[in-house]
Amino acid sequence: LKPPWPKRHIPLRSHVRQAALHPRRGVRHGGSGAMAAVKTVALDEGVMQWWSLKGVGVDPPSNSIRTAILKVYGTEEVMTLPVYTNTKVSEVKGMLAYRLGIDPDSLAFRYKQGSHFRTNCDHEEINRQVTVHGIKSFSRQKVEWPHPHVIIGAGFTGLKMAMNFIQDKFSNFILFDRRPEVGGTSWWSQANETSRLQTEVGVYHLQYHENNGWPEDAVTNPWPSRGQLLKHFKDVSQDFGIPPYCRMRTNVTKMTVLGKEYWSQQYELAISTAGHEESVFHCSSIAFFPGNLTNPKRVLYKGEELFDGDVVYGISSSFDYSRCSGKGVSIIGSGAFAVENVRTCVEFSARKIYMICRRKTLSMPRIVSWLINQSTQFISAALTLEAMTPMYDLMGIDQWQYYAVYANEARTTVTIKQKSRFGIGDVFFLAMYFNACEHIVDDVKRLSHHKIHLVSGRNIDDVHCMLKLLGFNGEFENDRLLKLKELYGWWVNKDFRRYIVAEPLGVDANNFGGTSFSPGAIMWAEQQAHLLYYPGDWVPVQESGQMPTHEADESIDRPAYVVEARHGALVGISISSLVPGIGERGLVTGPLKSRRMWEIHPVDKFLAAATKEWDNWARLIQNNGYDKPAPPYPYTEEMVKDYLAKEQEAYREQEAQMARRMAKMG
């Protein structure tokens, strides 16, 4: 199937590398005769060593540098291009074709010779001043669509995509959400009034972009509360002008594909807005961000009616945690929400916490999350586990023995693979140290009056509250709405206009680049916007068949749109390699994570904030009757500097390995 828009031309390697363009200078773009900011041509220092012949005859590379001035025919738009003396027209055409996503054969260069104009042929050296025919601008032209683009979900990623459109000066979109206010299901419905952000706000804020700032109190408040985050979503949305594009209290109940020809398909949505009759809305694309924290897994234990205490799901604000004060509390589960509930129970002065689970999942200290998020590239699983050691030593537990850890004998090759995401927080480790929390690997057999009977035969007495935190399921209705049979990357049935993303489940990696949401959200929002701006770029993605796929599995209650961590990682790698514009954008957003972390959370201030909360929790636990001496915060600046040095050492080793592989290849 051929798109009506230009298919991005993927030049041969000889064109892509632009070998005879000068590698140490920049490309200047200008409009109306003015020169704009320099944009660097990224080439390897050793590029001239493998420069290949172009044009006619034997023509060795030149080291003489000159400037070529290119002007778009019929406009005043100018590009000043640093080149070598013998840079060929074919090379410059290849560069422009690569940047603009067009066929180089559609370009023609002409220059004035005396009183006439002549064509600068492909095999010739580029003239000093040429007029470029075949394009309207040195910037790629975005496709105009007949109907608005729809975003479903005003949570973090939906708001991020709306913000991305607005920053790109693109206004042909609308955002639907069934709630009265922005913020999303996770924070409105699943988090409770005591919930706080587990990761650092430096990589979890809506403004996250190289041209934007960050929350005013981010430095002093690394882990904001649910209420503060909901206010943040509302305030930032208003600051960026998102509300006029939102239609709240609106539910999308049905979607119909209009048209059978692939490239001209449109969509009809049945929408229901509170206080209005159901109506029909036509759109050109749908980006759906349903989130994963929507449908809590439920279990009913035998004897719950005899327990004579609170048996609840530890989500939302339906449970009053003050009822835990001075009482024994059981937490069923050990994932991120379970770890968060340990903190809440400690702060509400629970007498004793029993965390019961079938398998222990790794929890992560705050400083390890900081270490991963500040990394310029990644932190290896081996260094991640090493950095966890001070906290696990405090509990007297060897984290290397957890089921999630796969390592060789020397512990140099390590993978961490578990079904739950890391629960991030320090208070869990502190509560375990004081024995205010006990982590029990077992399962619940039945309940009786204030007692939990375990499968192993152990009985836990004097328990007044049971908090069930068994994770979440997706909703099959989301599959049905988009008529999703197979998820291709993030796209429905290989249709790039139907896009659905929910944060991948679990952990499965040997290197970790982040533990928070903003870096993923900006990538998910921008890559779909790119494909809507330049639909021709979808062709190599569709034709390659390289995207991971996923279908629904009712046996494990898993809709097609709910995928695991490895699926998400493979999509990111594949889309960046198949769509150069998306890959190039990643060179900007990738380093942003590290830069924001060091700007907002420098190590001394972060350690000071973590130590302050550690000491407060220690006093609170001691006041509950645990007279064990409080330990100092297990991390120091010197320890963190050592981890950072090992991070850099790993990068150098990786570069050395790459150099050795390249040398073997000749």
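Reader: Which strands does helix 9 (residues 427–434) lie across, and at about what angle does helix 9 run to strand 24?

Author: This is a predicted model. Helix 9 lies across strand 18 and strand 24. Against strand 24, helix 9 runs at about 95°. The angle is taken between N-to-C directions, from 0 to 180 degrees.

Reader: What does helix 6 (residues 336–347) lie across, and how does helix 6 run to strand 18?

Author: Helix 6 lies across strand 17 (328–332), strand 18 (352–357) and strand 28. To strand 18, helix 6 runs at about 170°.

Reader: What is the strand order in the open sheet of 5 strands?

Author: The order is 16-28-17-18-24, and the pairing is parallel. Strand 16 (310–313) and strand 24 (437–441) are the edge strands, each pairing on one side only. The twist averages 20° from one strand to the next.

Reader: How many bridges pair strand 16 with strand 28 (residues 463–468)? Which residue in strand 28 is the bridge partner of Tyr 313?

Author: The two strands pair in the parallel sense over 4 bridges. The partner of Tyr 313 is Lys 468.

Reader: What order do the strands take in the open sheet of 3 strands?

Author: Its order is 11-12-13, with antiparallel pairing. Strand 11 (250–258) and strand 13 (279–283) form the edges, and each pairs on one side only. Neighbouring strands here are turned by 30° against each other on average, direction ignored. Strand 12 (residues 266–273) is joined to strand 13 by 5 bridges.

Reader: Now strand 9 (residues 173–176). Are Phe 173, Ile 174, Leu 175 and Phe 176 buried or exposed?

Author: Take the two faces in turn. The cut-off for buried is under 20% relative accessible area. Phe 173 and Leu 175 sit on one side, Ile 174 and Phe 176 on the other, and all of them are buried.

Reader: Which strands are joined to strand 9?

Author: Strand 8 (residues 149–152) is joined to strand 9 by 4 bridges and runs parallel to it. Strand 10 (residues 246–247) is also parallel to strand 9, with 2 bridges. Follow Phe 176 through these pairings. In one, Phe 176 is the bridge partner of Ile 152. In the other, its partner in strand 10 is Arg 247.

Reader: What hand does the β-α-β unit of strand 8, helix 3 (residues 156–167) and strand 9 have?

Author: Trace the path from strand 8 over helix 3 to strand 9. The unit is right-handed.

Reader: Where is Lys 169, and what is its phi?

Author: Lys 169 is in the loop between helix 3 and strand 9. Its phi is near 60°, a positive value in a residue other than glycine. Lys 169 counts as exposed, because its relative accessibility is 77% and the cut-off for exposed is over 50%.

Reader: Where is Lys 494, another non-glycine residue with a positive phi?

Author: The loop between strand 31 (491–492) and strand 32 (495–500) holds Lys 494. Its phi is about 65°. With a relative accessible area of 28%, Lys 494 is partly exposed.

Reader: Which residue takes a positive phi in the hairpin of strand 5 and strand 6?

Author: Gly 114 does, with phi near 70°. There are 2 residues between the strands. Strand 5 (residues 108–113) and strand 6 (residues 116–119) are antiparallel and joined by 4 bridges. Gln 113 stands opposite His 116.

Reader: What is Leu 269 in contact with, leaving aside its neighbours within four places in sequence?

Author: Its contacts include Val 150, Phe 176, Val 252, Met 255, Val 280, Phe 281 and Ile 286. Lys 254, Ser 279 and Cys 283 are also in contact with Leu 269.

Reader: How is the protein chain divided into domains?

Author: Check whether a domain is one segment or two. Domain 1 covers 65–133. Domain 2 is 149–294 + 475–582, and domain 3 is 298–470 + 602–634. The C-alpha centres of domain 1 and domain 2 lie 41 Å apart.

Technical notes. Residues numbered from 1 in each chain as written. Predicted model: local features only at pLDDT ≥ 70, side-chain atom pairs only at ≥ 80, totals over all residues. Heavy atoms only, no water. Buried < 20%, exposed > 50% of the residue type's maximum accessible area, 1.4 Å probe, protein only. Pairing = 2+ DSSP bridges. Right-handed = clockwise from strand over helix to strand, strands pointing away. Contact = heavy atoms within 4.5 Å. Domains from an automatic or database assignment.
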